[in-house]
Amino acid sequence: MDSRHIAAQLYTLRDSLKTPADIGKTLRRVRKMGYPAIQISGLGPFDPQFMADLTRELDLTVCVTHVSPDRLLHDLPAVIREHRLWNCGYVGIGSMPDAYRGSRDGVLRFARDFGAVGRELQAEGLKFVYHNHHFEFEKYDGVTGMDLLFDATDPKSFGFLLDTYWLQVAGADPVKWIRKAAGRVGPIHLKDVAVRGGATVYGEIGEGNLDWDGILAACRETGVEWYAVEEDDCPGDPFDSLARSLAYLQRFL
């Protein structure tokens, strides 16, 4: 793992990213904390040029984004322009829209519709990546939705932004999935699975129960490029959670 390729998933800090002034202040804190890269997700409205200028000033890399499904389907040329402006090669979608969920046919329709988006992005030199949760592991005739999605899409144009927390919660093995998706995972979401008060909760990396030696070894072996630290809900200050996760990951450098 290269220290230059550890990123802060900004969704973790979404409550501090409502306005351009908030964004500027927060990204300065992220950079000072030691993160060299970010994932754009969960921000309030901002001008794309503002983000380009700010990240250039702070020497922050935009490694991946989460873009709304509607924009991917209906505003793709603008999405492409924004990613080129930010020098960001990965265009992500945060989840499968509700209209596609809950059936084998729905998953395959999603694969068809967003597989086409992936091909358009590939033609422009960008890579589409899909971020999983746990619902993709519901089985249809004995086959998980995630396997359906995996098999129905083109590895060259449809990648996966695997999420270690959601894989584990779904009962899937993160290490096995990282290896299964070798060559299709550019960025990955790192977050731990902890138990507090008898309930499964999000955890800072290294403070839960995931096999980080195995996960990070599998990432290295399969060529994962970006390690995005995320914690959807933090027990305290989200900035503190990101700092603790970064300190743990630095042991593996």
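Predicted model: local features only at pLDDT ≥ 70, side-chain atom pairs only at ≥ 80, totals over all residues.
User: What order do the strands of the open sheet come in, and how do they pair?

Analyst: The order is 8-5-4-3-2-1-12-9, eight strands in an open sheet, and the pairing is parallel.

User: Which strands stand at the edges?

Analyst: Strand 8 (158-161) and strand 9 do. Each has a single partner strand, so one side of each is left without a neighbour in the sheet.

User: And the twist, what does it average?

Analyst: From one strand to the next it averages 30 degrees.

User: How many bridges join strand 1 to strand 12?

Analyst: Three bridges join strand 1 (residues 6-9) to strand 12, and the two run parallel. A7 has A228 of strand 12 as its bridge partner.

User: Which strands does helix 5 touch?

Analyst: Helix 5 packs on the sheet and touches strand 4 (90-93), strand 5 (127-131) and strand 8. The direction of helix 5 makes about 145 degrees with that of strand 5.

User: At what angle do helix 5 and helix 6 pack?

Analyst: Helix 5 (residues 104-123) and helix 6 (residues 145-152) pack at about 35 degrees, and their axes are 9 Å apart. The crossing is right-handed.

User: Which residues make that contact?

Analyst: From helix 5, R104, V107, L108, F110 and A111; from helix 6, G145, L148, L149 and A152. By class, seven residues in the contact are nonpolar, one is polar and one is charged.

User: Changing topic. Why is helix 9 largely enclosed by the rest of the structure?

Analyst: Because eight of the 11 residues of helix 9 (residues 212-222) are buried. The buried residues are W212, G214, I215, L216, A217, A218, C219 and T222.

User: What do the buried residues of helix 9 pack against?

Analyst: They pack against helix 7 (164-169), helix 8 (174-180) and helix 10 (238-249), along with strand 9 (187-190), strand 10 (192-196) and strand 12 (226-229).

User: What follows helix 9?

Analyst: G223, with a positive phi near 80 degrees.

User: Now W166. Buried or exposed?

Analyst: W166 lies in helix 7. Its relative accessibility is 12%, and buried means under 20%, so W166 counts as buried.

User: Which residues does W166 touch?

Analyst: Leaving out residues up to four places away in sequence, W166 touches H131, N132, H133, H134, K191, Y202 and D232.

User: How far apart are the C-alpha atoms of W166 and H133?

Analyst: They are separated by 5.0 Å, with the two residues 33 apart along the chain.

Technical notes: Residues numbered from 1 in each chain as written. Heavy atoms only, no water. Axes fitted to C-alpha atoms, helices over the stretch in contact; angles between N-to-C directions. Helix = DSSP H or I, 4+ residues; strand = E, 2+ residues; numbered from the N terminus. Left-handed = near helix turned anticlockwise from the far one by under 90°. Contact = heavy atoms within 4.5 Å. Nonpolar A, V, L, I, M, F, W, Y, C, P; charged D, E, K, R; others polar. Buried < 20%, exposed > 50% of the residue type's maximum accessible area, 1.4 Å probe, protein only. Pairing = 2+ DSSP bridges.
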